[in-house]
Amino acid sequence: MEKSLSWREFIITRLIQASGYSAILFVALIFFFLLREGLPTLSEVDASSLLNFRWYPIESYFGILPLITGSLVVTLGAALIAVPFGIGTAVYISEIAPRWMREILKPLVELLGGLPSVVLGFLGILVLSPFLRVFLDLPTGLTAFTGSLLLGGIAVPTVVSVAEDALDSVPRAYREGAWALGATKWQTIWRVTLPAAKSGVLTAVMLGVGRAIGETMTVMMVTGNAPVLATSLGSLFSPVRTMTATIAAEMGEVANGSTHYHVLFFIGMVLFIISLVVNVIASSVVFRAKKRAERILS
Amino acid sequence: MMTKFLSRNRHTVQRLGFSVITLVAVFTVLPIIGTVIYILVKGGSAISWEFLSGFPHDGMRAGGILPAIIGTLYLTLGTAVFSVPLGIAAAIYLSEYARDNQVTRLIRLAIINLAGIPSVVYGLFGLGLFVLFLQFGTSILAASLTLSIMTLPVIISTSEEALRAVPQSFRTVSISLGATRWQTISRIILKEALPGILTGVILGLERAAGETAPILFTGAAFFLPRLPHSAFDATMALPYHLFVISTQVPEMPIQIQYGTALVLLVFVLTMNVIATVIRSRARARRQW
Amino acid sequence: MVDKIIIENLSLQYSDGTESLRGVSMEIRQNAVTVLFGPAGGGKSTLLRCLNRLNDLTEVKASSGRILIDGENILDPKTDVIALRRKVGMVFARPVTLPMSIRENIIYGLELMGEKRKSKLDEAVERSLKLSAIWDEIKDRLDEPAIALSGGQQQRVCLARVLALQPEIVLLDEPTSGLDPISTGKVEAALLELKKEYTVILVPHSVQQAARTADHAAFFLTGELIEYGDGKTLFTNPKQKKTEDYVMGRFG
């Protein structure tokens, strides 16, 4: 009996270990398949037309610049909304709100994170964009700005939860030290707590931006889907098209193995690399902050 | 500097600052509540037994949304079948077995990256690997597998947190009584971490249930006049259906659109509320 | 008097650089209470954790030497640690009852061994709770959660849980550190009963407790065994200056 027990133990341990390692396998597999289907682009479309500002696949114009600028404009707008609102809410929850308020706010913000993006896109079409069209006197309400507003909302929960964690992990002694020196709570927040949580707050912003770049359904539904090169701030109020929306909108209609198909995978590869870079940097910031905290506390 | 620091009006500054921050928080939260209430109100009138149990007809402009509801159920269950055991096992590895070395750090980095990959890129990956390379076709199976990998990071990180919260002394005592590592995990640690794990699983599946982009090219069907017969069939799904009827079908009755949004929202919110309730009840009952 | 355990030149260093044991050699007699005492950080607990290989759970950088129990070196990698831990039971400083009923706590180890017969399990519960001097107090509430008991009761349940496995050696690491004097008295009384059947090794939580309970006593200081001998003699007439200073309360 003991023998069979040790065999069972051995097999279970191996299975658990394999599951742990599977995360690495999946990232590798995703990257491999993006490369496999995306890299042929480089031999089928030459670099100069790829970096062109005309995206019109039916006539074999595969310039991805308008898609990249489209993503940038929408994401930038989203960040301008998500950063102040996200950090402000995090400061409110962690430093100002009474306990009962915190218990209500945290699940509510989590709830926003759980709202399907397609529902937000749906309301964007029916409610937000008609309102903006009238309110801002635009020819159409389906603009980059509409996308930014909704994407900002989608990024807020990420920013709030990471920033709130960072503020929460600032040792209480820091605050008490500042109060003992006669600083008000407000001065303490600005001059002690926020600076001490700087790296965590920065991580929050990065992860929020990462979330915004990758968002698909909402932007596809509300940004008007016009692959026009964004050149100025004015583009914020005209229709654009992002990288994610392009993949989502066109992949269904292309023939497998065609150039168009390869280019869409190529765009996916670019998105993958962007999120890889954002997350590696964000996590290294977290690691460094953690190490410093350990050094201070020990 | 000192005078500025201690100046009289600093309390006025504080009052002003607090008001601004509070306003910011209010403006963040109000739209969330507003969105939910708005959809509940606008969609409420569309809900009827026919709507929930009927098939769509007249080019989806009439009838019910049963195939989309059932499809989302299938996809959520299919996702659970793959991601729950794998995610919990990976969490057990990280919390109970892994040593602090390079490989473990690489695993953690991989999990962080999985969490950050755009959902539409998961869709591309699923198309490349499951639909085409493994020839599962556009099917519930391919879509569930794609959604599973996407949900893994949520399940792993919340489950690991729950496992780590179980006091170390339980492990030491159990081992000292002659238990193997796995006996300790299966008889004590998992049981104690269960509410936390369950919360993580539900939150992960909630995300899968609401996602559209990963299933666009892996398993979602525009319109099916019947329910799927097997895991190799494509299926309708609530989020994709909402996308279709709000953008692809002209002259779509607004009632049906709001009704569909409401059903999807209730589906997802129910999971969210269940997860929150499990978590807070477990916290209240916990004895360690 | 038989030597149940022979420790030969045992040294151990933890991964964080702290050295915990340096060249410790001693023999531990059967059916006696051997007390390991000294100031904190002296290596007493580390030695206890070596005796049932619980140190396998911590990151140990280097260890050398041998521990022979009934003539077999238990530090040998081929040792069946599960069997060893059943033979060498341990009670910890803080009473840690597992999150289950009292009865389930007691039979936990037996069930792991595959024992399913209800009569055997019931018998073990009664016998071990009686040995731990707690049977009369709790015999009517065996199916209540163990966490509901008082600290002193929990600690005796922990002892009973170890005894249920019918070990040969019982290790106790400051088992009364969190208890009130009355509970402490009960646990100590139980110990004196135990040595009739078991080999008992105790890390006491005070010199007084050491003096009260020791048949043999070993004084540890910064990882080294300073003095080891008969309990009565060591506390009334220590040979080493350092032992004397500590026993007299001049440091520590």
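Predicted model: local features only at pLDDT ≥ 70, side-chain atom pairs only at ≥ 80, totals over all residues.
**Chain B and chain A**

The contact between these chains takes 81 residues from chain B and 78 residues from chain A. About 6,900 Å² is buried between chain B and chain A, and 79% of that area lies on carbon and sulfur atoms. One salt bridge is found across this interface. It pairs E110(A) with R279(B), whose closest N and O atoms are 3.1 Å apart. Polar contacts across the interface of chain B and chain A come to 8 residue pairs, both residues at pLDDT 80 or more. On the side of chain B that touches chain A, helix 2 (residues 10-44) of chain B gives the largest share, 19 residues. By class, that side of chain B has 56 nonpolar, 19 polar and 6 charged residues.

**Chain C and chain B**

Here 24 residues of chain C are in contact with 20 residues of chain B. The two chains bury about 1,900 Å² between them, with 66% of it on carbon and sulfur atoms. P99(C), Y108(C) and L112(C) supply 29% of the area that chain C buries against chain B, more than any other three residues. The count of salt bridges between chain C and chain B is 0, while 2 residue pairs are in polar contact, both residues at pLDDT 80 or more. Helix 2 (81-87), helix 3 (102-112) and helix 6 (151-163) of chain C are the elements that give two or more residues to the side touching chain B. Helix 3 of chain C gives the most, with 4 residues. By class, this side of chain C has 14 nonpolar, 3 polar and 7 charged residues.

| Interface | Buried area | Share on carbon and sulfur atoms |
|---|---|---|
| Chain B and chain A | about 6,900 Å² | 79% |
| Chain C and chain B | about 1,900 Å² | 66% |

**The sheet of chain C**

In chain C, 6 strands form an open sheet with mixed pairing, in the order 6-7-8-3-9-10. Strand 6 (88-91) and strand 10 (224-230) of chain C are the edge strands, each pairing on one side only. From one strand to the next, the twist averages 15°. Strand 7 (residues 169-173) and strand 8 (residues 199-203) of chain C run parallel and are joined by 5 bridges. D173(C) stands opposite V203(C) in strand 8 of chain C. Helix 6 of chain C packs on the sheet and touches strand 6 and strand 7 of chain C. The direction of helix 6 makes about 170° with that of strand 6 of chain C. Helix 6 of chain C also gives two or more residues to the side of chain C that touches chain B.

Terms used
Residues numbered from 1 in each chain as written. Chains lettered and ligands numbered in written order. Heavy atoms only, no water. Contact = heavy atoms within 4.5 Å. Buried area = accessible area lost by both parts, 1.4 Å probe. Salt bridge = Lys/Arg side-chain N within 4 Å of Asp/Glu carboxyl O. Polar contact = N/O pair within 3.5 Å; in protein donor to acceptor, adjacent residues only side chain to side chain. Nonpolar A, V, L, I, M, F, W, Y, C, P; charged D, E, K, R; others polar. Pairing = 2+ DSSP bridges. Axes fitted to C-alpha atoms, helices over the stretch in contact; angles between N-to-C directions.
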